[in-house]
Amino acid sequence: MGKVHLQDNDTKEKKTEFSLVRVKSTWKSKLGKVIKETGDCVSAAKIYESITEKGATWTVVSPIVFTYKVTETQDLLDPINDTLLLGHITDPQQLEDLKKSNKPIKRFVVVDQEVHKIYGTKLTEYLEANSVVYKILALPTTEENKSMEMALKILEEVNNFSLDRRTEPIIAIGGGVCLDIVGLAASLYRRRTPYIRVPTTLLSYIDASVGAKTGVNFANCKNKLGAYIPPTAAFLDLSFIQTVPRRHISNGLAEILKMALMKHRGLFELLEKHGRMLLDTKFQADNSVYRLQAASQVTRIAITTMLEELAPNLWEDDLNRLVDFGHLISPALEMKVLPSLLHGEAVNIDMSYMVYVSKESGLLTEEEKQRIISCMVGLELPVWHEACTMELIQRSLQDRLKHSGGLVRMPLPVGLGQADIFNNTSSEILHRAYEKWCDELSISPDSNCDP
């Protein structure tokens, strides 16, 4: 799925390009580029044959296109709303045929067990009202349980349920951990079974639901096993957020703030102005146009900016990623103190330190630094943690070098709503930023997060 570069490394090498054309039930290679005529099916794939004195080499260039929908909806579990069952279908003819069919809809649903306690009855009533043949598997999808064992448990149940891997997507309902595990299980079952994401936390609403990553923790490392397989659809219903504890709203606001700092000054200013209100109201409108506009603006800008960064780089061919801001140190910190820090809290501590790095690098003014830290505190996010030591920071950045092509690729804000990637931040700056970060924030009552 990476980019293919064809180079002539041997002057004696002869390269021949073949296009692929479907002829009745088979594919035929045709020399050179083929102009598509009426009725012809010409693949976007190419085969390049190279002949040398040592033999032949075939290079296959096969573009893989994924199409998936991220859809805002309301009252997803209302029996008259068919989005959960049919909203993923993009072909109008397929949708019409399905609605006319007498064959019952069949769905395997994995739901976080805490979510199931709240919405289990409503989910069951929804499925039964729509005459769905279903299996609901409620699991404790926590960071501590985010393992291959959990994925295999899901796969055993899916196999027993006997899904049609092309027309019966698995549905995942829960937070980011649930969506990640189910996504990985779906990518493994029959090599790729479609799945649908329904986020029930603010963090997963903004982050996990809109990208292609799936994964589980392994060898005490966060998401060390995984795949890049996007869902066939993600359905976003803000009403789920109303039952989320206040701390988890703050947790999600960290990822929104990340996108604001990297890409959108207007979003940052919305968080400065409305962040506390959104935290208090849990993004619920309650018939207030003012609240509805604020919640809608913040979530839509966050999702749009996230998709702008993810869509052209779903498989991370380009390792220079602004969305990695807050994710250089936080994985090691989060695993070190598990389960005392939520994901967004660890990300925010990472971002807080990096803001000081930006300031010491001359990329942010003192006023901008203070505005960012004040915004974080206003969103009730931790800005410092005693476990985030200089040793952990250095180890994390060294690990980053190993997995990022020998470059640290450090995203840093260069103003409010602007950012760039840096590879040459000196050890002196890192240490000076750390000392000031600790001096200014370690004594703050808001700097740490209660377990």
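1. Start with glutamate 255 and lysine 258, whose side chains form a salt bridge at 2.8 Å, N to O; the term means a side-chain nitrogen of Lys or Arg within 4 Å of a carboxyl oxygen of Asp or Glu. The two sit 3 residues apart in helix α7, so about one helical turn separates them. Both glutamate 255 and lysine 258 are buried (under 20% relative accessible area, with exposed over 50% and partly exposed in between; 1.4 Å probe, protein chains only). Helices (H or I, at least four residues) and strands (E, at least two) are DSSP runs, numbered from the N terminus.

2. Please keep in mind that this is a predicted model, where local features need pLDDT of at least 70, side-chain atom pairs count only at pLDDT 80 or more, and totals for chains, interfaces and linings use all residues. Residues are numbered from 1 along each chain as its sequence is written, and side-chain values use heavy atoms, leaving out hydrogens and water.

3. Now look at lysine 222 and glutamate 334, joined by a salt bridge of 3.4 Å, N to O. This pair links distant parts of the chain, 112 residues apart: lysine 222 is in strand β11 (residues 221–228) and glutamate 334 in helix α10 (residues 330–337). Lysine 222 is buried at 17% relative accessible area, and glutamate 334 is buried at 2%.

4. Arginine 321 has a salt bridge with glutamate 316, with the closest N and O atoms 3.2 Å apart. Shared partners join Lys213, Glu316, Arg321, Asp324 and Arg400 into one network of salt bridges. The count for the model comes to 28 salt bridges.
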